[in-house]
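Please have the sequence and the structure open while I talk.

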Amino acid sequence: SRGRALVQHIRKRAIIDLYHMEPDLMIRYTEKYGPLDWRHPAAHALYWAQRGVERGLDRATERTQGDYDFTNTDRLVVQSIQELYRSGRVYYDINNPDFYLTLQHEDFIPTYGNILDEIAARSEFDADRRAYSALRAGYENFMMDAIMFLYRRGQVELAEEYRIKLLTWDKANINDPERVFKLSLPLDEFVRFQIRDDERHTNPTTARGQINGALYSAFLDGLGARNQETFVRNYTFAREFHKIYTETQAFNTAVSRAGPEGQVEGRMEVVHRDFEEHAARVLSVLIQQMSDPATGVQRGAIMYQGAPISLQARTYRILAEGWMYESIRRGDPETAEAQFNMWFPPPAGMELFIEQLEAQRAEDAERADMEQR
């Protein structure tokens, strides 16, 4: 239609004239690196860093090679890919502005390895076989976190495949005498070793991966498959890991910032300090991914209806304020509420729960303010 063509033209002009970006490069980088979400800042960091590398390569000659710093610019590319893996799935509900969540994006795991040789070829620091290279060390740390995340998420075969790949990698640093021992451990033991002996439970990336991975498995393999044992095991693990991390790392400091709902977020608070609030946000995202309001098939309702009452209440609040309810309302406004509540019945005592939640948030905000003082 003419209206759609006009909107597409305006979007194109905004990209070119306002943001000074090139649509053909955006498409090429998406094909090369993975499903870039242009709402994520790391997608833009990747775009401008890689664009800088390519423009520099076009201008560099043997005489001017030293004028172009490919190493540090390539590091921006690598760091962007790392961040896209850690938080590349962006969920923002325009109907509920307080809802914002980022989750791991496993599609970017192989990207780092795929471009490693290309980047190393331009780096003087990786031109020889040194005992240690920051580029290679970064790749190993990245892959170890990815292996632990995939394992916790339940993708055990893929995690094992990456463990073997890392163990047999012929370009690994040779400065760590325990490297082969650690990677030779069976996958279960390797993950436990990383968390316990290497104390990676204090690492924000590991914490986010272990908590979110366990929640994915709890909801998809547990609630979604009506397997209560799997749900309880993974949900309990996520809760305990969250407790250890937040008590030791997510404390308030002078640089703490205000969150979207007014609560104070600690300097290393990579997940919501309230575990059930974070779990409800993850569950609401998975419900919306697995539901199709247009056809009335609500597969996400199976997960919702199998959840504990307190988790149901928090999840209902998110869904009812956001995209899910609005999608149903657009299909049939007159019966939207009844249809929504059929699939996602509000738990008993919902009004009392909301009052208690608001009171708890006010108390937490007051305590956080006292800690900062």
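Predicted model: local features only at pLDDT ≥ 70, side-chain atom pairs only at ≥ 80, totals over all residues.

The side chains of E276 and R314 form a salt bridge, with 3.5 Å from N to O, where the term requires a side-chain nitrogen of Lys or Arg within 4 Å of a carboxyl oxygen of Asp or Glu. This pair connects distant parts of the chain, since E276 belongs to helix α12 and R314 to helix α14, 38 residues apart. Salt bridges with shared partners join R239, D274, E276, E277, R281 and R314 into one network. Residues are numbered from 1 along each chain as its sequence is written, and side-chain values use heavy atoms, with hydrogens and water left out.

Is R314 itself buried or exposed? R314 is buried, at a relative accessible area of 10%, and E276 is buried as well; here buried means under 20% relative accessible area, exposed means over 50%, and partly exposed lies in between, with a 1.4 Å probe and protein chains only. Helix α14, which holds R314, covers residues 309-321; helices are DSSP runs of H or I with at least four residues, strands are runs of E with at least two, and both are numbered from the N terminus.

R314 also meets D274 in a salt bridge, at 3.2 Å from N to O. Because D274 sits in the loop between β4 (264-265) and α12 (275-289) whereas R314 lies in helix α14, this pair ties together parts that are 40 residues apart in sequence. D274 is partly exposed, with a relative accessible area of 23%. If we set aside neighbours within four places in sequence, the contacts of R314 include A280, F353 and L357, contact being heavy atoms within 4.5 Å.

The search of the whole structure gives 20 salt bridges, and one that bears comparison joins D17 and R13, at 2.9 Å from N to O. D17 and R13 are four residues apart in helix α1 (residues 2-18), so about one helical turn separates them. Both are partly exposed, D17 at 45% relative accessible area and R13 at 30%.

Finally, the surface. Y100, in strand β2 (residues 100-103), is partly exposed at 42% relative accessibility.
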